[in-house]
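Thanks for asking me to look this over with you. Below are my notes, written as numbered points you can follow with the structure open beside you.

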Amino acid sequence: MSVVKSIEIVVPEDKVYLAGSNVDGQVVLSLNNTLINPVVKVELVGRGYLQWNEDVGADKDYSRDVVCNNKADYINKTKTFKIEGNWLDSGTHTFDFHFTLSTRLPSTFTSRIGYVSYFLQASCSSRELILAKKKKYLLVQGTSSIRKDRLQSKDPFVVEVDKVVVYHCCFQQGRVVLRISLVKNIFCPSENVTFTTEIDNQTGKSIKRVAFTLYSNVLYMGFTARSEPRTLEDRNVLLRLEPRMEAMPFEVTRITNIMALPSLLPVSCVSLANEIMEIRYELVGTLYLPWSMSSVVARVPVLIGTIPTADPEESGSGAHPNP
C-alpha cells in the first residue's frame with residue numbers, strides 16, 4: 001500500500017484569472033501511514049508552444065517539409081511548504097498557497113498550431129522519490145496595451161473614420177453604400193460588441209440579406225531548425241450573425257446589432273518580450289445583392305483589451321493538519 005492515499009489541488013472551478021491577480025488555493029494531502037522527511041510543494045507554470053510544417057520547394061522538382069516551432073515560458077513559481085518536525089502523521093493535511101500572476105501575461109489559448117497554457121502542479125516526495133503529484137489547469141485572461149498601428153486596414157476601398165467604416169460600390173442598377181459604426185473603440189471579453197449598420201440602397205431592388213462575422217486573425221512566429229524566422233497567418237470565425245432585414249429601394253436602412261464576446265479572449269496585438277504570436281480581430285459585414293453573384297463587404301478592426309491590475313505582494317502559509 002502506498003504511503004500517499006491522494007493529493008488534490010483545491011481552487012475555484014472554471015474561474016478566469018486576470019493577469020496581475022492572485023491565485024489562492026489549497027493542496028490537500030491524504031496519507032495512509034506516517035511519512036518521514038516529506039517534501040510537499042506546489043508549482044505555478046505558464047508556457048506557450050507552436051509547431052507547424054512548411055512545404056519548401058513546392059514550385060520545383062522536389063519539395064520537403066520543414067518543421068517550424070517556437071516556445072515561451074511566461075511564469076514559473078514554486079511554493080515549498082514548511083513542515084514541523086519534518087514528518088506527517090497518517091490522515092489528511094491541508095496546505096494553503098498564494099501566488100501572484102504577472103501583469104504581462106497572454107491569455108489562455110489553444111489552436112491547431114499551438115497553445116498558451118497555465119497550470120498548478122502539486123507533488124509529495126520523500127528522499128528524492130516522488131510519491132504522488134497532481135496537475136490542474138487554470139484559465140488566465142491576459143492584459144496588454146493595444147498597438148493600433150498594427151490594425152490599420154490595407155483595403156483601398158475601405159475608408160476608416162475612427163470607429164466607422166464605409167464601403168461603397170456602384171452597379172448598373174445604381175449605387176449601394178454599406179456603413180458600419182462601432183459604439184466604442186475597445187471592448188473587453190464577455191462584453192457585447194454593439195454596432196450600427198447603415199445601408200444606402202440607391203437601386204431599384206430591395207436587399208434582404210446581410211451577414212456579420214467576427215474573425216480572429218493570428219500571426220504565428222517561429223523558427224526552423226536552422227534558426228530561420230518563419231511566420232504563419234491563420235484566420236478563424238469567432239462569431240457570426242445574420243439578422244432579418246430588408247433594405248428598400250432608394251432608401252437608407254439602419255439596424256443595430258449585438259454580438260456577445262466570450263469570457264476568455266486574447267487581447268489585440270499582445271507585445272511581449274518572448275512573443276510567439278499576435279492576434280487581431282476584424283468585424284466583416286457582407287451585403288448580398290439579389291441581382292448579382294458579387295457582394296458589398298465592409299471591414300472594421302475590433303480592439304479587444306482589458307485593464308491591468310496592480311501587482312500585490314506574494315505570500316504563503318504552511319500546513320494545517322486536519323483533526
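**Notes on the salt bridges and other local features**

1. Let's begin with charge pairs. The count comes to 11 salt bridges, a salt bridge being a side-chain nitrogen of Lys or Arg within 4 Å of a carboxyl oxygen of Asp or Glu. Side chains of opposite charge can pair when their charged atoms come close.

2. A word on the source before going further. This is a predicted model, in which local features need pLDDT of at least 70 and side-chain atom pairs count only at pLDDT 80 or more, while totals for chains, interfaces and linings use all residues. Residues are numbered from 1 along each chain as its sequence is written, and side-chain values use heavy atoms, with hydrogens and water left out.

3. Which residue does E13 meet in a salt bridge? The partner is K136, with 3.2 Å from N to O. This pair links distant parts of the chain: E13 sits in the loop between β1 (4–10) and β2 (16–18), K136 belongs to strand β11 (residues 129–141), and they are 123 residues apart. Strands here are DSSP runs (E, at least two residues), numbered from the N terminus, as helices are (H or I, at least four). E13 counts as exposed because its relative accessibility is 58%, whereas K136, at 22%, is partly exposed. For these words, buried means under 20% relative accessible area, exposed means over 50%, and partly exposed is in between (1.4 Å probe, protein chains only).

4. Next, please find R112 and D234. They form a salt bridge whose closest N and O atoms are 3.4 Å apart. Are the two partners buried or exposed? R112 is exposed at 66% relative accessibility, but D234 is buried, with a relative accessible area of 9%.

5. The salt bridge of R175 with D200 has its closest N and O atoms 3.8 Å apart. R175 lies in strand β14 (residues 174–182) and D200 in strand β16 (residues 192–202), so the pair ties together parts that are 25 residues apart in sequence. R175 is partly exposed, at 36% relative accessibility, and D200 counts as buried, at 15%.

6. Salt bridges can also be joined up: E54, E228 and R230 are linked in a network of them.

7. Now for charges on the surface. R47, K71, K133 and K135 gather in a patch of positive charge. Patches are made of residues with over 30% relative accessible area and no salt bridge, with like charges joined within 9 Å and nonpolar side chains (Val, Leu, Ile, Met, Phe, Trp, Tyr) within 5 Å. Lys and Arg count as positive and Asp and Glu as negative, while His and the chain ends are not counted. The place of a charge is taken as NZ of Lys, CZ of Arg, CG of Asp or CD of Glu. Accessible areas come from the Shrake-Rupley method with a 1.4 Å probe, and for residues only the protein chains shown count as cover. R47 itself is in strand β5 (residues 38–56) and is partly exposed, at 35% relative accessibility.

8. How many disulfides does the structure hold? The number is zero, a disulfide being a pair of cysteine sulfur atoms within 2.5 Å. As for cysteines, C68 is buried, with a relative accessible area of 0%, and C188 is partly exposed, at 28%.

9. F212, in strand β17 (residues 209–223), is buried at 0% relative accessibility. F212 and L287 are 75 residues apart in sequence, yet 9.0 Å apart from C-alpha to C-alpha. L131 lies in strand β11 and is partly exposed, at 28%. L131 and S6 are 125 residues apart in sequence and 9.6 Å apart in space, again C-alpha to C-alpha.

10. Finally, check two backbone angles. N86, which is not a glycine, has a positive phi near 60°; N86 is in the loop between β6 (64–80) and β7 (87–88) and is partly exposed, at 38%. F250 has a positive phi of about 55° although it is not a glycine. F250 is in the loop between β18 and β19 (251–260) and counts as exposed, at 54% relative accessibility.
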